[in-house]
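Take a look at the model first, then read on.

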Amino acid sequence: MFGRKKDDKAAAPEQDHQHREGAKNRPTPKRKDQEAARKRPLVQNDRKAAKAADREARRAQGQKVRQAMVTGDDRHLPPRDKGPVRRYARDVVDARWSLGELLLPLMLAVLVLSLFAGEWATFVFLAVYVLIIIAIIDVWLLWRRTKPKILARFGEDTELRGVGMYQAMRAFQMRRTRLPKPKVERGAKV
């Protein structure tokens, strides 16, 4: 009405379609288009196929974790075993003999002996309890020696929560059953 006539072709200036290096070189997509592209149903149409795909993905992830437990690959280890601090704690335990790893076979032997033993079985059970207390003290001393080494190696701001218990649980396992598998030999300098 009051203004110029709008002529689309005459009014629009010719845009130069040059491709600049490092530029996006395309228009920004509309939000609703991006949201529509990301939409997926909460419940799949084919539940059996979705369940099978989920099961297969979990199986593949579990296989990666099991393989990492054998090889020590830090990328696929569970969060409990991940990180250089945990690796160092494992290596310290694996490099030494501990009384805790001998307790399980000893307890099995005591159990078998208790079937045949008479009055001296009480003394054997008492000896096992004394060995358990000594093993706990051994693990506590191990942590007291390892903690300053961890702080010196990885820095004073290193998160140590749970590392002592992790080291204790590993010290009470027999060496062959430890996962991740030990990477250092007994007596090695860590």
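Axes here are lines fitted to C-alpha atoms, for helices over the stretch in contact, and angles run from 0 to 180 degrees between N-to-C directions. Helices are DSSP runs (H or I, at least four residues), numbered from the N terminus. This is a predicted model, where local features need pLDDT of at least 70 and side-chain atom pairs count only at pLDDT 80 or more, while totals for chains, interfaces and linings use all residues. Residues are numbered from 1 along each chain as its sequence is written, and side-chain values use heavy atoms, with hydrogens and water left out.

**H6 and H7**
- The axes of H6 and helix H7 (residues 163-171) come within 10 Å and cross at roughly 130°.
- That makes H6 oblique to H7 (under 35 degrees is roughly parallel, over 145 roughly antiparallel, 65 to 115 roughly perpendicular, and the rest oblique).
- On the H6 side, Val139, Leu142, Trp143, Thr146 and Ile150 meet Val163, Gly164, Gln167, Ala168 and Ala171 of H7, with contact meaning heavy atoms within 4.5 Å.
- Sorted by class, this H6 contact with H7 has 7 nonpolar, 3 polar and no charged residues (Ala, Val, Leu, Ile, Met, Phe, Trp, Tyr, Cys and Pro count as nonpolar, Asp, Glu, Lys and Arg as charged, and the others, Gly among them, as polar).

**H5 and H6**
- Helix H5 (residues 100-116) packs against helix H6 (residues 121-154) at an angle of about 170°, and their axes are 11 Å apart.
- With that angle, H5 is roughly antiparallel to H6.
- H5 brings Gly100, Leu103, Leu106, Met107, Val110 and Ser114 to meet Val124, Phe125, Val128, Leu131, Ile132 and Ala135 in H6.
- Here the contact of H5 with H6 has 10 nonpolar, 2 polar and no charged residues.

**The largest pocket**
- Its volume is about 180 Å³ (on a 1 Å grid over the protein atoms alone, a pocket is an open set with protein on both sides within 12 Å along at least five of seven lines, a cavity is a set of points where a 1.4 Å probe fits but cannot get out, and lining residues have an atom within 4 Å of a point).
- H6 gives the largest share of the pocket's lining, 4 residues.
- The pocket's lining divides into 5 nonpolar, 1 polar and 4 charged residues.

**The largest cavity**
- The largest cavity has a volume of about 50 Å³, a volume being the space filled by probe spheres set on the points, which are joined across faces, edges and corners.
- Helix H4 (residues 84-94) supplies the largest share of the cavity's lining, 4 residues.

Technical notes. Helices (H or I, at least four residues) and strands (E, at least two) are DSSP runs, numbered from the N terminus.
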